[in-house]
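Please look over the sequence and the structure shown below before reading on. The report then takes up a few of its parts in turn.

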Amino acid sequence: MQSIDNALDKLSKSKFRSSFHLKAKDIKYIDEKGMEKIRSHAEDFIEKKLAPAYPENDGKQTPMKNHPVFIAQHACACCCRGCLEKWYKVPKGRELTKVQQEKIVNLLMAWIEREYNSYKNQ
């Protein structure tokens, strides 16, 4: 089991995964909604779009823009079941447990908080 810091460090070494960053409109959205609302959105997206054993449109269910959680999902390789399998050895064809969903949300939120803080400290 890898820590969030280890996962983020590994992801940062991927040219593709490290190319994702929050933009000004994402930061503004977080400022308007607050981190707890963003977490709530992440929980909802993961439960509905990633947790099922066979998600609808798997591999295409996560947009690449228009919400901080979507950006985080791509940056953290939590955008589809194929990426979860490749990066975290979570097998396809099995519904994600509540614990797995919580770990994914925690990873996404850690990435979002780092991006947010980095943007605010520029």
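## A pair of aromatic rings

In this predicted model, Phe16 is partly exposed, because its relative accessible area is 43%, and that value falls between the 20% limit for buried and the 50% limit for exposed. Phe20, in contrast, is buried, with a relative accessible area of 10%.

When ring centres within 6.5 Å are taken as a pair, the count comes to two aromatic pairs. In one of them, the ring centres of Phe16 and Phe20 lie 5.1 Å apart and the ring planes stand at 90 degrees, so this pair is edge-to-face, given that planes over 60 degrees apart are classed in that way.

## His67 in its loop

His67 belongs to the loop that runs between α3 (35-50) and α4 (68-75). Is His67 buried or exposed? With a relative accessibility of 7%, His67 counts as buried, since the limit for that word is 20%.

Two polar links of His67 can be followed in the model. The side chain of His67 makes a polar contact of 2.9 Å with the side chain of His41, and a polar atom of the His67 side chain also lies 3.0 Å from the backbone nitrogen of Val69.

How many of the residues of α4 are buried? Eight of the eight are, and α4 is therefore largely enclosed by the rest of the structure. The buried residues are Pro68, Val69, Phe70, Ile71, Ala72, Gln73, His74 and Ala75, and what covers them includes α1 (4-12), α2 (24-33), α3 and α6.

## Where α4 meets α6

The axes of α4 and helix α6 (residues 98-120) come within 9 Å and cross at roughly 105 degrees, which means that α4 is roughly perpendicular to α6. On the α4 side, the residues that take part are Pro68, Val69, Ile71, Ala72, Gln73 and Ala75, and they meet Leu108, Trp111 and Ile112 of α6. Sorted by kind, the residues of this contact comprise eight nonpolar, one polar and no charged.

## Just past the helix

Just after α4 comes Ala77, whose backbone takes a positive phi of about 60 degrees.

Conventions: Residues are numbered from 1 along each chain as its sequence is written. This is a predicted model: local features need pLDDT of at least 70, side-chain atom pairs count only at pLDDT 80 or more; totals for chains, interfaces and linings use all residues. Side-chain values use heavy atoms; hydrogens and water are left out. Rings of Phe, Tyr and Trp (its six-membered ring) pair if their centres lie within 6.5 Å; planes under 30 degrees apart count as stacked, over 60 as edge-to-face and the rest as tilted. Buried means under 20% relative accessible area, exposed over 50%, partly exposed in between (1.4 Å probe, protein chains only). Helices (H or I, at least four residues) and strands (E, at least two) are DSSP runs, numbered from the N terminus. A polar contact is a pair of N or O atoms within 3.5 Å; within protein, one must be able to donate a hydrogen and the other to accept it, and residues adjacent in sequence count only if both atoms are side-chain atoms. Axes are lines fitted to C-alpha atoms, for helices over the stretch in contact, and angles run from 0 to 180 degrees between N-to-C directions. Angles under 35 degrees count as roughly parallel, over 145 as roughly antiparallel, 65 to 115 as roughly perpendicular and the rest as oblique. Contact means heavy atoms within 4.5 Å. Ala, Val, Leu, Ile, Met, Phe, Trp, Tyr, Cys and Pro count as nonpolar, Asp, Glu, Lys and Arg as charged, and the others, Gly among them, as polar.
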